[in-house]
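Please look over the structure first.

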Amino acid sequence: MSQTVRTRPEASVRPLSEAYDTALLDLDGVVYAGGNAIAHAVDSLGAARAAGMHLAYVTNNALRTPEAVAAHLTELGIPAHASDVVTSAQAVARLISEEVPAGGRVLVVGGEGLRAALRERGLEPVESADDDPVAVAQGYGGPELPWGRFAEASYAVARGVPWFASNTDVTIPSARGIAPGNGAAVEVVRLATGAEPRVAGKPLPPMHRETVLRTGAERPLVVGDRLDTDIEGAFNGDVDSLLVLTGVTDGARLLAAAPHHRPTYVDADLRGLLAGQPEVAAAGGGFRCGGWTAAAGAQRLQLEGEGEALDGLRALCAAAWTVAGDGSCTLDGGKALARLGL
């Protein structure tokens, strides 16, 4: 893929909810954390929907079924139907169904969301490596997933059964902090077998394909909190993205982002859907956004001015990404970020 290297966040005169027809929203860290709605999410999504934007919920978490996710969103005050939800379980089930005979048995290491997705594709979930599976499917199974499930997967994979993973997110946000995700569980089987799984979830193409097939989006905007899944997935799909700072990405990670991890837009939370995005303009040897001017010094990023903290962050992104080019910025941005309270 040949793409222009992004060196600054882009501007939008129109609210993003009007500039794009569909928001492809990550869930954990964007809409909710630990089951509770993130601040401003309910009202912001309601306003975006009222403005005519189609909302689709795209998650790498394969634990729950689309029906369960939609019911949870509705309980939070975000009306949703199962057809509005796209999961990595659905993406990996489609991938498996294209590789194995119809009706094939698939050994499941995960939750009901993965089993339901496999059944939707005409495949039969099984529990043991001795059930003659034609594939192994591994997805997030929640904190209570028995250790023996990893053993069953390892036995089958060691025998040469093709191994598929819904996603490889190492961590997942929770109400109490950051917890191990499916990527950590995948490492258990990888270490036991030395094998490598086929992966379907963000940021890889099978997930983007599944999302487009199910939503019919023509001008999609990916909205996420993770650079290595949401934003990279948008980059791989050649679509625009909005990073919100309600999940795992902080200012330091954003400034150090390599080209495939640089979002089109940056905002604090989902209120960013309802507004335009300010211009980041060249100013002398640096970049200006709002009342802030940022520049790359010899050893650190420099920031002058005052105003909205997010404008300062956007200006710092431009300074960092420009000096980094097609690499990752190594200049110290700690003092500048501390000045912004980020």
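## A buried glutamate

Glutamate 210 is buried, with a relative accessible area of 1% (buried means under 20% relative accessible area, exposed over 50%, partly exposed in between; 1.4 Å probe, protein chains only). This is a predicted model: local features need pLDDT of at least 70, side-chain atom pairs count only at pLDDT 80 or more, and totals for chains, interfaces and linings use all residues. Residues are numbered from 1 along each chain as its sequence is written, and side-chain values use heavy atoms, with hydrogens and water left out.

Glutamate 210 sits in helix α8, residues 205–215. Helices (H or I, at least four residues) and strands (E, at least two) are DSSP runs, numbered from the N terminus. Setting aside residues up to four places away in sequence, glutamate 210 touches Val86, Gln90, Ala91, Arg94 and Arg121 (contact means heavy atoms within 4.5 Å).

## The largest nonpolar core

A nonpolar core is a set of buried Ala, Val, Leu, Ile, Met, Phe, Trp, Tyr and Cys residues joined through side-chain atoms within 4.5 Å. The largest has 29 residues; Leu254, Leu255, Leu301, Leu303, Leu313 and Leu316 touch the most other members. Helix α11 gives the most to this core, with 10 residues.

## The hairpin

Strands β18 and β19 pair in the antiparallel sense (pairing needs at least two bridges found by DSSP). A hairpin joins them through 4 residues. Tryptophan 292 stands opposite glycine 305 in β19.

| Strand | Residues |
|---|---|
| β18 | 292–296 |
| β19 | 301–305 |
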